[in-house]
Amino acid sequence: MHAPHRSSYLNAEIGLRSWLLTTDHKRIALLYFAGITFFFAIGGLAATLIRLELITPQGDLGSPDFYNRLFTMHGVIMVWFFLIPSIPATMGNFVIPLMIGARDLAFPRLNLLSWYLYIAGGLITVAALLLGGIDTGWTFYEPYSTFYATGYIILAVFGIFVAGFSSILTGLNFIVTVHKLRAPGMTWYRLPVFVWSTYATSLILVLATPVLAMTLLMLLAERVLHVGIFSPQLGGDPLLFQHMFWFYSHPAVYIMILPSMGVISEVVPVFAGKRLFGYEFVVWCSIAIAAIGFLVWGHHMFVAGQALYASLAFSFLSYLVAVPSAIKVFNWTATLHEGWIRFDAPMLYAFGFIGLFTIGGLTGLFLAALPIDVHVTDTYFVVAHFHYIMVGGAVMGYFAGLHYWWPKITGRCYPEYWARFAAILAFFGFNLTFFPQFILGYLGMPRRYQSYPPEFQIWHVLSSAGASILAVGYALPLFYLFWSILKGARAPANPWNATGLEWSVSSPPPAENFAVTPAVVRPPYQYDQGKPCMQADHG
Amino acid sequence: MADEALSFQFATPVQQREAVTLGMWAFLATEVLFFGALIAAYFNYRIWFGAEFVAAAQMTKVVLGTTNTAVLLTSSACMAMAVTSFEAGSRRRPTLWLLATAVLGLAFIAIKGFEYSLEYGEHLVPALNFDLARHGGVAEIFFMFYFCATGLHALHLLIGIALVTWLAIWIGTGRINRGGSTTRLIGLYWHFVDVVWIFLFPLIYLAGRNG
């Protein structure tokens, strides 16, 4: 079983140049891994400082202005430079061509350009945040961001604008790849759900991101030229900015969560040794979420002064978008029924996802209800809700996928017990961090304040204590995954008994993916007495 | 998008042609949403400030705008001829049609530049020399949209002119094979830039001019 000098994409070429100029989707995925880990660390550092500050009721870690810059930095980095590219650009890049039996994405050079745009945008934004920071919050609300905010708004907004093109080009590449590069026999209903989810995500990337780009351009024009577009002082309409911003930024939430749902749909059948329950429903729910997700942005503006009838319509549509999400949760759960369940690390992360996403989704229904939303708008209830979706959901899914595909990506096995420990630690740390924030918000603690009345302190202390556990849960994988590269056992081609095409090539895969284009003969997730029936018969 | 040879990720030339075509359409979908956001914002104020916007629109140079519409539509016709004659196998004719396309594109830019200079003379350029006392704040918002929209359109057109010129040289010197998609894709892009103008022209120039 020992083959030390087997040729793979990792050693097909060597040297820094071969990495920075690569057009291999698998290598570009690793470039993204490096970038995303870097930005996750910066965003996490800001979060750590925020939680430290909030242990005591008075402000003691720098000025209120410094605190404003901290939460802005946390939001901007985490949203645009971690969550949005996280799963699609790393695991999507790596496994989608493998899953559909292709040799690469449709446009490999464009793929590399996407990475450079992402890194350039990220560095520009980080430079703005380090040069003095910005204090608008990640939403850049008008007229605050053009008239009152201090700092390097122009530079930060420009960085986000540049990174937006990375999103657009990645989405475009995935759409074309899924449409045109599927292997013979890989029909739409034989695609693994992860491919469908990433496809739905790509539709949002391509159709929503340009609206953000234009909105940011108009914001820049106003801030630079001082001519009214959004600012009431100049005759503009600040609500227009909110409409345009959320027209992108609400679908952006689905950009973050849909790929995670795709990962969970891969992991659950494999570790239950069973067909995914209701494949067609899961698939069409992804598309439904992407479509309805474009029509709910107004629920961010219930107290902003939009028309009541508009609010009613947005409230109804926000309830509606919860339906396909709920269907997925039921389908994952039903898949477990009478399954041959194994509790490996990816499955533990998947269980964490299902539980936390359910809480995040249900509290989303609270917020879709007009009277409750008026009560808890801009409180920690909202903060807790979206962290259950974006951290409990999206980040758990990220770690589930990372652990699931790690043996394929690196050709090495990680220490399973440490991985399970980290998964359980992250789950408990997460709940201790964010569940108290629901209570805080319900009691009336507003978000984005450095100091607060002493009666809230107990909940903040609980939350900060949880954050320290969560931090360990996130830091542990860095160590044991790095260790596995050096010392881990060599991974077989299909360590989890999965059925997808990516598991029928060696670990790590050869540079050209498939020596012969595979012929796909059956749908994914087929098991016979718990034994996997591979999607492709290979000779 | 080298289309002379079959790139390694594709199995057949047909697959490659379909993929690059879909890629261009997806890119144009992005562009539609990009301009669409600006036009949506314009509509917001067009409805809100109806009368003032109509008054501001009277200050646009409708004769020059109409001339430019004709110039741009003609350029698209030339582009269509270039694509057809290229696919019919000719080398000289698509080169000439492409040069005509580029020249008409440049004519559009020249007329647009002349128009901008007239507007500069009338103190209609926001942030540069806008005469608030004479024209009013709403007119400034109108002209902000005018310069943003036509400016971004002109930028797209300049990129198109560069692409078309490059393509003319490459076809003229025989460096592009007949089966390739590049000509058709650049054609799609050119027509898209034309269609954007078809929307901008009535929105900006014809507001309130119907009697």
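How many helices and strands are there in chain A? I counted 15 helices and 2 strands in chain A. For these I took DSSP runs, numbered from the N terminus: H or I of at least four residues for helices, E of at least two for strands.

**Conventions**

I am working with a predicted model, in which local features need pLDDT of at least 70, side-chain atom pairs count only at pLDDT 80 or more, and totals for chains, interfaces and linings use all residues. Residues are numbered from 1 along each chain as its sequence is written, while chains are lettered from A and ligands numbered from 1 in the order in which they are written.

**Confidence**

I noted the predictor's scores for the complex: an ipTM of 0.94 and a pTM of 0.95. For chain B I found a mean pLDDT (the predictor's confidence in each residue, from 0 to 100) of 93, with 98% of its residues at 70 or more. I kept one caution in mind: where pLDDT is low, the predicted coordinates should not be read in detail.

**Chain A, overall**

I looked up the extent of chain A and found that its C-alpha atoms fill a box of roughly 70 × 45 × 45 Å along the principal axes.

I then checked burial, and 55% of the 539 residues of chain A count as buried. Here a residue is buried if 20 or more other C-beta atoms lie within 10 Å of its own, exposed if 12 or fewer, and partly exposed in between, with C-beta atoms placed from the backbone. Two residues are in contact if their C-beta atoms, placed from the backbone, lie within 7 Å. Among contacts in chain A with a separation of 6 or more, I found that 84% join residues 24 or more positions apart.

**Chain B, overall**

I found 7 helices and 0 strands in chain B. From the N terminus on, I read its elements as α-α-α-α-α-α-α. Its C-alpha atoms fill a box of roughly 65 × 35 × 30 Å along the principal axes. Of its 211 residues, 38% count as buried. For contacts in chain B with a separation of 6 or more, the share from residues 24 or more positions apart is 74%.

I looked for nonpolar cores, meaning sets of buried Ala, Val, Leu, Ile, Met, Phe, Trp, Tyr and Cys residues joined through C-beta atoms within 7 Å. The largest has 229 residues, and Ile100(A), Val267(A) and Ala400(A) have the most contacts inside it. Helix H3 (residues 64-100) of chain A gives the largest share of this core, 22 residues. Leaving aside neighbours within four places in sequence, I found Ala400(A) in contact with residues including Val263(A), Ile264(A), Val267(A) and Phe353(A).

H13(A) is mostly covered, with 29 of its 31 residues buried. I read a bend of about 40° in H13(A) at Tyr404(A), with a proline, Pro407(A), following within four residues. The bend is the angle between axes fitted to the seven residues ending there and the seven starting there. Gly411(A) follows H13(A) and has a positive phi near 75°.

**Backbone details**

I found a cis peptide bond between Glu142(A) and Pro143(A), with omega about -5°. Pro143(A) sits in the loop between helix H4 (108-131) and helix H5 (144-148) of chain A. Another cis peptide bond joins Ser507(A) and Pro508(A), with omega about -10°.

Asp378(A), a residue other than glycine, has a positive phi near 60°. Asp378(A) is exposed, with 12 other C-beta atoms within 10 Å. His123(B) also has a positive phi, near 55°. His123(B) is partly exposed, with 14 other C-beta atoms within 10 Å.
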